[in-house]
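User: Hello! I am new to this structure and would like to understand the words used for it. Could you show it to me and take my questions?

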Amino acid sequence: MELGLVGLGKMGGNMRERIRRGGHTVIGYDRNPDVADVGSLKELVESLSAPRVVWVMVPAGSATQSTIDELGELLSPGDLVVDGGNSRWTDDEKHADELKAKGVGFVDCGVSGGVWGLENGYALMYGGSAEDVAKVQPIFDALKPEGQFGSVHAGKVGAGHFAKMVHNGIEYAMMQSFAEGWELLEAADSVTDVREVFRSWQEGTVIRSWLLDLAVKALDSDEHLDALRGYAADSGEGRWTVEAAIDKAVPLPAITASLFARFSSRQEDSPQMKMIAALRNQFGGHAVTAAEKSGEPGADAPGADVTPPTGG
């Protein structure tokens with residue numbers, strides 16, 4: 001099938017390539033002309049045969065809203081928009097209603113896989129009507145990992161992004177646990193090789209996981225994470241998870257604590273946050289901040305603003 005793809009960054013660019021490897025035609029648009037196939041959204045829409053499917057892969061919030069607004073003016077009844085970014089689930093019904101008024105369908109899709117998705121595939125969680133999902137199912141099949149799992153029609157509109165939000169909240173807590181254990185091992189005089197302790201856990205233990213593998217990979221590159229400042233940003237989805245838990249009176253002590261631990265990284269150079277930063281860089285290519293030298297702030301010293309979430 002044909003697909004229009006808007007947003008060709010770290011996630012979107014690799015997704016375009018994986019979909020093409022699956023035998024489909026992808027026409028990509030990005031504000032960066034060096035990676036775009038067309039020069040505008042209008043040109044992208046005109047390049048597709050009706051009924052059109054356009055996948056939006058841009059940062060959540062105003063960027064997604066403006067893109068959907070513009071597509072709503074360009075697309076025709078029977079066309080479909082997929083929001084594959086990390087939008088807040090509460091925005092999905094609004095976007096679906098806005099497009100429905102123009103006869104355009106809407107599917108929300110949470111995407112996980114980071115910089116490794118091109119080769120390993122992307123875990124997909126999508127929400128929408130069965131009819132709309134069927135229109136884009138060949139693309140879901142091309143993006144998902146090989147095998148039985150890695151793709152789910154989670155429910156109606158909003159369910160995909162809600163599921164991805166909970167996934168990311170769990171991810172926060174898992175990373176925090178590895179970080180706390182690593183710091184405690186580093187503090188113990190009797191443990192002389194923390195990196196090899198982590199490596200030994202990769203086989204035969206109940207905590208073996210891809211995150212553990214990535215932790216070992218990070219420690220192989222920098223055994224004591226000396227090159228990193230103990231700072232880790234939060235993309236926003238951890239906050240949304242905690243807010244949803246409050247709204248639904250669901251206790252989330254571990255996820256909530258892991259979110260607050262990231263806030264502490266903005267107050268001082270937290271050893272735990274070095275591991276969080278290293279893991280985020282390993283699985284998602286997220287930026288890291290260099291450790292301070294000679295009392296001088298590291299390059300690109302971060303503030304406390306929340307970065308608008310993107311896919312991955």
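User: Where is Ala249 found?

Analyst: Ala249 is in the loop between helix H10 (237-248) and helix H11 (253-264). Helices here are DSSP runs of H or I with at least four residues, strands are runs of E with at least two, and both are numbered from the N terminus. This is a predicted model, where local features need pLDDT of at least 70, side-chain atom pairs count only at pLDDT 80 or more, and totals for chains, interfaces and linings use all residues. Residues are numbered from 1 along each chain as its sequence is written, and side-chain values use heavy atoms, with hydrogens and water left out.

User: Why is Ala249 called exposed?

Analyst: Exposed means over 50% relative accessible area, buried means under 20%, and partly exposed is in between (1.4 Å probe, protein chains only). Ala249 has 68%, so the word exposed applies.

User: And what makes Leu225 buried?

Analyst: Its relative accessible area is 1%, therefore Leu225 counts as buried. Leu225 sits in the loop between H9 and H10.

User: Why is Trp116 called partly exposed?

Analyst: Trp116 has 31% relative accessibility, so it falls in the middle class. You will find Trp116 in the loop between strand E5 (105-112) and helix H5 (117-120).

User: Which residues have the most contacts inside the largest nonpolar core?

Analyst: They are Trp182, Phe198, Leu225, Met275 and Leu279, in a core of 24 residues. A nonpolar core is a set of buried Ala, Val, Leu, Ile, Met, Phe, Trp, Tyr and Cys residues joined through side-chain atoms within 4.5 Å. Helix H9 (210-221) is one of the elements giving two or more residues to this core, and the largest share, seven residues, comes from H9.

User: How do you know how confident the predictor is about the protein chain?

Analyst: By pLDDT, the predictor's confidence in each residue, from 0 to 100. The chain's mean pLDDT is 91, and 93% of its residues reach 70 or more. Over residues 296-308, though, pLDDT stays under 50.

How values were computed
Contact means heavy atoms within 4.5 Å.
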